[in-house]
Amino acid sequence: MTIITTRHSADMRLGAAIEALNRGDLVTARREVEPLVAGAQVRIEAWLVLAIATRLLGDYSVSETAADKVLEADSGNLRGMMVKGDCRAAANDPRAARSFYQAVIAAARVASNPPQDIVDELPRITAYCQNTVSDYQAYLEDYISRAGVPRSGRFQQSLDLLFGTKQLFLQQPTVFYFPGLPQIQFYERSAFPWLADLEMATEAIRDELLTLLETEQGFTPYVVDEKNRPHGDFHGLNGNPDWSALHLYKDGAPVAANVARAPRTFAAMQAAPLCYCAKRTPGVMFSLLRAGTRIPAHNGMLNTRLICHLPLIVPPGCALRVGNEVREWKLGETLIFDDSIEHEAWNDSDQDRVILLFDIWRPELSLEERAAVTTIFEAIDSYGTGVGQ
């Protein structure tokens, strides 16, 4: 297989070295190219031939020097990085070797037509990376254990990110980002004292829901296109009743007809710090997810609120992922999460799942900040309508 091709301007000796390398005559390739790299002006191809030939001959000292010369001239040269990784691996420097191998792997993945000799090596260097990461993790875990370091939840998360067992998910709201808020995927129920009274009303809320489900009157698709906006396609869920809702609050105001049908639910919600923000929130609804339906990964519009799920009908096989963490709904136990972080949900059961969904202000926002956020959305919503102008 051809590893290197000559340029028209290459002299005969470099051409002979390349031909020898390509036919596997490593000794000849080295003999032909060594006089060339001793000159004042050395082409990168000469250093590369020397790097590859001596690496295959096991002369890692010369090979690494030549690879360094290649990378000085072209820092992204895949073959140069490959040889450099091999030399670092031979020197028992797995962290350095892995860094070069990972760079080769990443570049090969995005290249439209990576060199075949590089493609052939990917399984080998990928296996090396995986094995050394496992060794590295085991070493650090043992070191931490022997040091007696206490492991908080946050410290463990930092280790998960360090080891690559979890991915970093941050707030990425699609419309409005408020800086300086903590990156928390799920909040714990114990941080919200008002939840106790709401959860005590679970049975009464569920009874009202069961009555509503007898006819499903008032349930409408969760994702609905706006008349004066371009048509979107949220993974086939636009206008799809497989994910539907019955709203007690919509566009920031109570829906009188539905409130009259679920008065105990509406009353129970009044103790919650609902997120009153212009005509956008709060949203309070019974959210129904049909059997076999999945809500694909997405991010919410703003990070100044938290979403709450009070589970009411939760068959096995239903769960919610926020960032790296997956939690199952449990009857009467509220899940509170930041929907500006990537999240998804699924119902893999053969029954429908229903929760009471509502949004609350993030507890980290002061009253003044909440008022400021409300004001900016009032301005956004009034723009172009003549209101407030």
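**Exercise 1.** In this predicted model, find the residue of strand E3 that is the bridge partner of Thr220, and work out how strand E2 and E3 run.

*Solution.* Start at Thr220: its bridge partner in E3 is Ala245. Next, look at the strands as a whole. E2 covers residues 220-221, and two bridges join this strand to E3 in an antiparallel arrangement.

**Exercise 2.** Find the strand that six bridges join to E3, and name the bridge partner of Ser244 there.

*Solution.* The strand is E5, residues 284-289, and E3 and E5 run antiparallel. Now go to Ser244, whose partner in E5 is Leu288.

**Exercise 3.** Follow E3 into its hairpin with E4 and say which residue takes a positive phi.

*Solution.* First, locate E4 at residues 253-254; two bridges pair this strand with E3, again in the antiparallel sense. Then step into the hairpin, where two residues lie between the strands. Asp251 is the residue with a positive phi, near 55°.

**Exercise 4.** Decide whether E3 is mostly covered or mostly open, then set the strand against the protein chain.

*Solution.* Take E3, residues 243-250: seven of its eight residues are buried, so the strand is mostly covered. For the protein chain, 43% of the 389 residues count as buried.

**Exercise 5.** Compare the radius of gyration of the protein chain with that of a compact globule of 389 residues.

*Solution.* The globule would have a value near 21 Å, whereas the protein chain has 31 Å.

Definitions and conventions. Residues numbered from 1 in each chain as written. Predicted model: local features only at pLDDT ≥ 70, side-chain atom pairs only at ≥ 80, totals over all residues. Heavy atoms only, no water. Buried < 20%, exposed > 50% of the residue type's maximum accessible area, 1.4 Å probe, protein only. Helix = DSSP H or I, 4+ residues; strand = E, 2+ residues; numbered from the N terminus. Pairing = 2+ DSSP bridges. Rg over C-alpha atoms; globule rule 2.2 N^0.38 Å.
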